[in-house]
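Biologist: Please put the model on the screen. I have a few questions about what can be read from it.

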Amino acid sequence: MRRRALLGLGGWLAAAVLTTATGTWAVSLIGTDITGQAVRSMTLEEVERALTTTSAGPAIAPAASAGPSAETGNFSYAEGSVTAACDAGRALLLSWSPAPGYGVDEVERGPAPTASVVFESDDRKAAISLTCPSGKPAATVRSVTENDED
């Protein structure tokens, strides 16, 4: 009986060692991707550089309702840039991209008589409103204060 217990214990220990070794090997593979290249964390400088560069693509894909007959316009400000379209007299935000140091606080994409986006930084908020007078996009920008939000 004692021999059987020792064999059982030995088998259990062998299985535990094998499972631990296999798990360790599998975890070590996580450090490389499918191509075999090592994955590493970005440095603080690389993160800051990536955050301060502007993206080339739109924040969102153009909507299907902005058809080939829609008038479009691009608007850039210190706080960010927007692309809008007018279709049947209604404004539609196609894309928006905050400037470095800014984020997006609110978006009213449309289609509507007025579409808008609010860009904000630590000390400033700016609302960009888009309308479609004469069927072409027009934009206005205004500073938003704490009193405006109440």
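Biologist: How many disulfides does the structure hold?

Modeller: This is a predicted model, in which local features need pLDDT of at least 70, side-chain atom pairs count only at pLDDT 80 or more, and totals for chains, interfaces and linings use all residues. Residues are numbered from 1 along each chain as its sequence is written, and side-chain values use heavy atoms, with hydrogens and water left out. A disulfide here is a pair of cysteine sulfur atoms within 2.5 Å. By that rule, the number of disulfides in the structure is one.

Biologist: Which residues form the disulfide, and how far apart are their sulfur atoms?

Modeller: Cys86 lies in strand E2 and Cys132 in the loop between strand E6 (125-131) and strand E7 (138-143), so the pair ties together parts that are 46 residues apart in sequence. Strands (E, at least two residues) are DSSP runs, numbered from the N terminus. Both Cys86 and Cys132 are buried, where buried means under 20% relative accessible area, exposed over 50%, and partly exposed in between (1.4 Å probe, protein chains only). The sulfur atoms of Cys86 and Cys132 are apart by 1.9 Å.

Biologist: Is the disulfide of Cys86 and Cys132 left-handed or right-handed?

Modeller: A disulfide is a covalent bond between the sulfur atoms of two cysteines. The torsion about the S-S bond of Cys86 and Cys132 is about -95°, so this disulfide is left-handed.

Biologist: What is the order of the strands in the open sheet of three strands?

Modeller: Two strands pair if DSSP finds at least two bridges between them. Strand E2 (residues 80-87) and E3 run antiparallel and are joined by eight bridges. Strand E1 (71-76) and strand E3 (90-98) each have a single partner strand, so they stand at the edges. The order is E1-E2-E3.

Biologist: Which residue in E3 is the bridge partner of Val82?

Modeller: Val82 and Trp96 are among the residues that touch the most other members of the largest nonpolar core, which has 13 residues. Such a core is a set of buried Ala, Val, Leu, Ile, Met, Phe, Trp, Tyr and Cys residues joined through side-chain atoms within 4.5 Å. The bridge partner of Val82 in E3 is Trp96.

Biologist: Where is Ala88, and is Ala88 buried or exposed?

Modeller: Ala88 is in the loop between E2 and E3. Its phi is near 60°, a positive value in a residue other than glycine. With a relative accessible area of 74%, Ala88 is exposed.

Note on methods. Helices (H or I, at least four residues) and strands (E, at least two) are DSSP runs, numbered from the N terminus.
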